[in-house]
Amino acid sequence: MRKDIFSSAILLAIAGVYYWVSTDIPTSTLEDEVGPRGLPVVLAILLAMVAVVIGTRAFMTAPVAGGAPEDVEAPWPRAMGMWLIGAAYIPAADFLGYWIALLLLISVVAFYEGMKFSWRSALVALGGATFFWLLFSVLLGVRVPEARLFG
Amino acid sequence: MEQFFTAVSMLFTTWVVPAALGGLIWGILGGATPGLSASITMALLLPFTYAMPPMPAIVMLATCYIGAEYGGSIPAILIRTPGTNASAATIMDGYEMNRQGRAGEALGLSLWSGVVGGLFGLAMLILLTEPLSRLALLFKPTTYFGLGILGLSVIASLSSKSLLKGLAAALVGLMISTIGTDPISGVSRFTFGAPDLLDGIAPLFVMVGLYAMTELMMRAGIMGNIIKPNASIRVRLPRLPMMKKVARSQAIGCGIGTVEGLMPGAGGTVAAFIAYNECKRWSKTPEEFGHGAPEGVAGPEAANNTVASASLIPLLSFGIPASNSGAVLLGGLLIHGLLPGPRLFEQNSDVVLGIYVGSFVADIAQVVVGAVILPLCVWLVNRPKPYRSAFILALILSGVYTVHMSLFDVGIVLASGMLGYFMKYFGYPFLPAVLGVVLGNLVESNYRRSLVLSGGDLGIFLEDPIAIGFFIAAALIMAGALLAEWRASRVRKAVSA
């Protein structure tokens with residue numbers, strides 16, 4: 001139930017910010033009856049209403065002992081860590097180039113998931129980065145990110 | 001007859017066969033990899049299909065779905081871990097057969113039942129899709145708006161745990177669909193001056209983020225299977241007496257798979273479990289179920305493979321995806337500028353025919369391909385989870401980049417992954433959000449076009465009988481879901497009292 005209360009607060013915040021930003025949508029001479037702001041305003045109001053109902057229902061419902069069994073899932077700091085590794089790939093690819101960024105990505109994710117650094121894991125990362133580079137850059141002809149660091 | 005000859009010539013003159021085989025292999029490998037569902041496997045394939053011509057791209061996605069349904073049964077039978085949700089029912093007897101040293105037989109049964117179910121589902125697809133889609137020849141902006149509302153009402157039956165949470169997820173999806181240039185006035189909305197956002201956020205990136213990235217985050221640090229399958233296992237296809245023995249179970253699976261495939265939200269998982277239950281109920285030896293009964297593998301596998309084709313009926317006819325995998329396929333169609341419905345049959349008949357021919361090729365080729373790549377699947381299942389996660393993340397980030405060759409898109413996928421994590425953490429379903437992103441533009445633009453045509457008179461929606469039919473169907477779906485939720489809450493209260 002606490003999760004529902006928390007999520008309803010987040011939804012309310014999203015609805016508020018979305019509504020606030022939608023008031024900045026410029027007007028147009030081609031505007032129709034509804035206009036570009038029409039749907040966003042309706043969506044913001046509807047989301048706020050749904051969020052209030054979810055929150056109210058969570059307050060009024062007695063917590064169930066034990067609760068429903070949930071899927072096995074990673075603790076949130078661990079999940080955020082995986083996300084941060086993915087996010088770090090973007091500047092890494094931009095500065096170091098595709099191949100090096102991928103080599104780092106595979107090494108760090110494998111280490112983060114419990115694999116110890118060894119010659120074997122280094123070879124897997126090396127092989128993986130080269131495989132993806134060959135697949136995308138050579139075989140598919142994709143213009144992969146080039147290293148800005150090396151000019 | 002003319003279409004038949006065109007279909008036959010397609011086998012030799014187009015990219016249908018390579019695309020079907022490519023999709024099938026990708027699907028089997030993805031389905032066999034624990035942690036990758038059919039929809040995730042398809043979402044990972046989406047970026048690669050972006051640069052392809054429409055027909056092979058859609059054939060590849062459709063056959064990937066077929067392959068994933070068989071692939072999912074491999075870890076279910078070998079390591080008691082369903083590769084896809086729909087293969088969970090196969091564990092009960094499939095893994096038991098493996099424990100009795102009959103893994104090859106179980107895999108052969110799964111493969112054979114997949115072929116039977118797939119071909120039956122394909123026959124239903126060919127028979128039902130075109131007549132249904134002819135109705136859509138009469139569509140006007142008001143009808144498309146009604147269709148969009150009907151599509152969104154599916155949310156009600158997809159939000160099994162909480163209708164309100166499904167509604168909230170759909171609203172968030174609709175909000176995402178409003179990002180970019182306004183379809184009528186051309187004004188930019190929610191772009192914050194970023195030129196990359198002017199074209200809006202492609203459903204493709206939201207899907208890859210929600211399905212694939214979120215799954216990686218949810219499973220971070222959780223160790224995978226500890227059961228190691230024997231690398232020397234080989235598929236043993238059933239002989240005639242066994243084929244006869246499981247025929248009834250397969251027929252039950254095909255029937256249930258067709259009905260469930262047509263119903264939004266049901267999907268292969270529900271079909272497989274219902275089929276298992278019905279096969280046991282109608283069996284002469286129900287006591288053998290759960291102890292390695294071949295019918296316990298044949299029924300569910302026939303059902304989930306029938307669903308893979310039957311679920312394309314509402315998708316191709318009206319653009320209503322009945323499952324996560326259907327939503328990804330719809331994303332694939334939209335990426336290539338293909339709108340499901342009669343125009344798809346008129347203007348892009350090669351794509352529709354390609355789906356039929358490709359699915360046929362994939363269903364038949366499954367027997368050989370499934371057996372040949374089994375060692376590769378076993379090798380994949382045996383890889384340590386840290387390497388699997390690392391390679392999947394590398395594939396997601398590389399694949400997404402190839403679409404527009406932009407790291408900005410990678411950022412959108414990561415943002416969608418974060419959104420998906422919070423949705424899953426707080427118990428909000430994904431599919432309504434995906435439907436919101438996919439259908440948002442259709443609903444908004446056709447609603448506003450209708451009002452432009454009528455000079456602002458809302459009565460225009462009541463002048464279109466098909467649109468009224470869609471509104472009534474949408475209302476019935478929502479009422480049914482509300483009734484189901486009300487009943488469920490009464491049962492919960494009665495139990496807690």
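B:Glu278 touches B:Ile252 and B:Ile256, leaving aside residues up to four places away in sequence. In this predicted model, B:Glu278 sits in helix 12 (residues 267-282) of chain B. The relative accessibility of B:Glu278 is 17%, and because buried means under 20% relative accessible area, B:Glu278 counts as buried.

**Interface of chain A and chain B**

Chain A puts 70 residues into the contact, and chain B puts in 63 residues. The area buried between the two chains is about 5700 Å², and carbon and sulfur atoms give 77% of that area. Across the interface of chain A and chain B, 11 residue pairs are in polar contact, with both residues at pLDDT 80 or more. On the side of chain A that touches chain B, at least two residues each come from helix 1 (2-22), helix 2 (38-60), helix 3 (76-96), helix 4 (98-112) and helix 5 (119-139) of chain A. Helix 3 of chain A supplies the largest share, 12 residues. By residue class, this side of chain A divides into 48 nonpolar, nine polar and 13 charged residues.

**Salt bridges**

Side chains of opposite charge can pair when their charged atoms come close. Over all chains, the whole structure holds 11 salt bridges. Between chain A and chain B the count is two. Among the salt bridges of the structure are these pairs:

| Pair | N to O distance |
|---|---|
| A:Glu113 and B:Lys385 | 2.9 Å |
| B:Glu444 and B:Arg189 | 2.9 Å |
| B:Glu444 and B:Arg448 | 2.9 Å |

The side chains of A:Glu113 and B:Lys385 meet in a salt bridge. This pair crosses between chains: A:Glu113 is in the loop between helix 4 and helix 5 of chain A, and B:Lys385 is in helix 19 (residues 385-404) of chain B. A:Glu113 and B:Lys385 are both buried.

Within chain B, B:Glu444 forms a salt bridge with B:Arg189. B:Glu444 lies in helix 21 (residues 431-454) and B:Arg189 in strand 2 (residues 188-189) of chain B, so the pair ties together parts that are 255 residues apart in sequence. B:Glu444 is buried, at a relative accessible area of 6%; B:Arg189 is buried too, at 1%.

B:Glu444 also meets B:Arg448 in a salt bridge. These two residues are separated by about one helical turn, because they are four residues apart in helix 21 of chain B. B:Arg448, like B:Glu444, is buried. Salt bridges link B:Asp182, B:Arg189, B:Glu444 and B:Arg448 in a network.

Key. Residues numbered from 1 in each chain as written. Chains lettered and ligands numbered in written order. Heavy atoms only, no water. Contact = heavy atoms within 4.5 Å. Buried area = accessible area lost by both parts, 1.4 Å probe. Salt bridge = Lys/Arg side-chain N within 4 Å of Asp/Glu carboxyl O. Polar contact = N/O pair within 3.5 Å; in protein donor to acceptor, adjacent residues only side chain to side chain. Nonpolar A, V, L, I, M, F, W, Y, C, P; charged D, E, K, R; others polar. Buried < 20%, exposed > 50% of the residue type's maximum accessible area, 1.4 Å probe, protein only.
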